[in-house]
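Please keep the sequence and the model in view while reading.

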Amino acid sequence: MPQIPEKIHELTVGQLSARSGAAVSALHFYESKGLIKSRRTPGNQRRYSRDTLRRVAFIRAAQRVGIPLATIREALAELPEERTPTRDDWAHLSEAWRTELDERIKQLNRLRDHLTDCIGCGCLSLDTCVLSNPDDVTGERLTGSRLMAEPGAAKHRPSALRG
């Protein structure tokens, strides 16, 4: 990873990309979504403050665990703009996501543990389909896929289709 000299307080998009590992297009996308910001030089080139490196690292880590960009943006809005975010700042932000992440972990564990029960046929009527249809009452009475008529639908269909 290329080092940026300490005396440089602003980074070009290329430097930010090289140092953070994020593609230039990703950085432009983050900026368009309000996750990071830059200033423009007189030549209309982007310049990012050094603390943007930590923000990009935070964004990428949050994305890896499935946090939506809107939620990430809300969290980043709480950070101070006049200084580099501290470990305590990050701990405070990530603590808010702990419950959501714990629930996702439970769902993934349930998926892993019951994956062999699902044959993937799409019928949603297995006796114990805790993945895609955990409350399948009809599956207790019938097997295979069924087209379920909505209440009152038979009287609205043409007589040739009624049976």
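Which residue of strand 3 does Arg40 stand opposite? Arg40 stands opposite Arg46.

The model is predicted, so local features need pLDDT of at least 70 and side-chain atom pairs count only at pLDDT 80 or more, while totals for chains, interfaces and linings use all residues. Residues are numbered from 1 along each chain as its sequence is written, and side-chain values use heavy atoms, with hydrogens and water left out.

**Overall make-up**

The protein chain contains seven helices and three strands. Helices (H or I, at least four residues) and strands (E, at least two) are DSSP runs, numbered from the N terminus. Read from the N terminus, the order of elements is β-α-α-β-β-α-α-α-α-α. The chain has 163 residues, of which 24% count as buried. Buried means under 20% relative accessible area, exposed over 50%, and partly exposed in between, with a 1.4 Å probe and protein chains only. Contact means heavy atoms within 4.5 Å. Of the contacts between residues at least 6 apart in sequence, 44% join residues at least 24 apart.

The three strands make an open, antiparallel sheet in the order 1-3-2. Strand 1 (10-11) and strand 2 (39-40) are at the edges with a single partner strand each, so one side of each has no neighbour in the sheet. Two strands pair if DSSP finds at least two bridges between them. Strand 1 and strand 3 run antiparallel and are joined by two bridges. Strand 2 and strand 3 (residues 46-49) are likewise antiparallel, over two bridges. The residues that face each other are listed here.

| Residue | Opposite residue in strand 3 |
|---|---|
| Leu11 | Tyr48 |
| Arg40 | Arg46 |

Strand 2 and strand 3 form a hairpin with five residues between the strands. Asn44 is found in that loop. Asn44 is not a glycine, yet has a positive phi of about 65 degrees. Most residues other than glycine have a negative phi.

Tyr48 lies in strand 3. Is Tyr48 buried or exposed? Tyr48 is buried, with a relative accessible area of 0%. Leaving aside neighbours within four places in sequence, Tyr48 is in contact with several residues, among them His9, Leu11, Val13, Leu16, His28 and Ile36. Lys37 and Ser38 are also among the contacts of Tyr48. The C-alpha atoms of Tyr48 and Lys37 are 6.9 Å apart, with the two residues eleven apart along the chain.

Ser38 is in the loop between helix 2 and strand 2. With 21% relative accessibility, Ser38 counts as partly exposed. Not counting residues up to four places away in sequence, Ser38 touches Glu31, Arg46, Arg47 and Tyr48. The C-alpha atoms of Ser38 and Val13 are separated by 9.1 Å, and these residues are 25 apart along the chain.

**The nonpolar core**

A nonpolar core is a set of buried Ala, Val, Leu, Ile, Met, Phe, Trp, Tyr and Cys residues joined through side-chain atoms within 4.5 Å. The largest such core has 22 residues, and Leu27, Ile72 and Leu76 have the most contacts inside it. Two or more residues each come from helix 1 (13-20), helix 2 (24-32), helix 3 (52-64), helix 4 (69-77) and helix 5 (87-95). Helix 3 contributes the most, with five residues. Apart from neighbours within four places in sequence, Leu27 is in contact with Val13, Leu16, Ser17, Ser20, Ala22, Ile36 and Val56.

**The largest pocket**

On a 1 Å grid over the protein atoms alone, a pocket is an open set of points where a 1.4 Å probe fits, with protein on both sides within 12 Å along at least five of seven lines; lining residues have an atom within 4 Å of a point. Grid points are joined across faces, edges and corners, and a volume is the space filled by probe spheres set on the points. The largest pocket holds about 290 Å³ of space. Its lining has 17 residues, with Ile36, Lys37, Asp51, Arg55 and Glu81 nearest the centre. Strand 3, helix 3 and helix 4 each supply at least two lining residues. By class, the lining of the largest pocket has five nonpolar, four polar and eight charged residues. Here Ala, Val, Leu, Ile, Met, Phe, Trp, Tyr, Cys and Pro count as nonpolar, Asp, Glu, Lys and Arg as charged, and the others, Gly among them, as polar.
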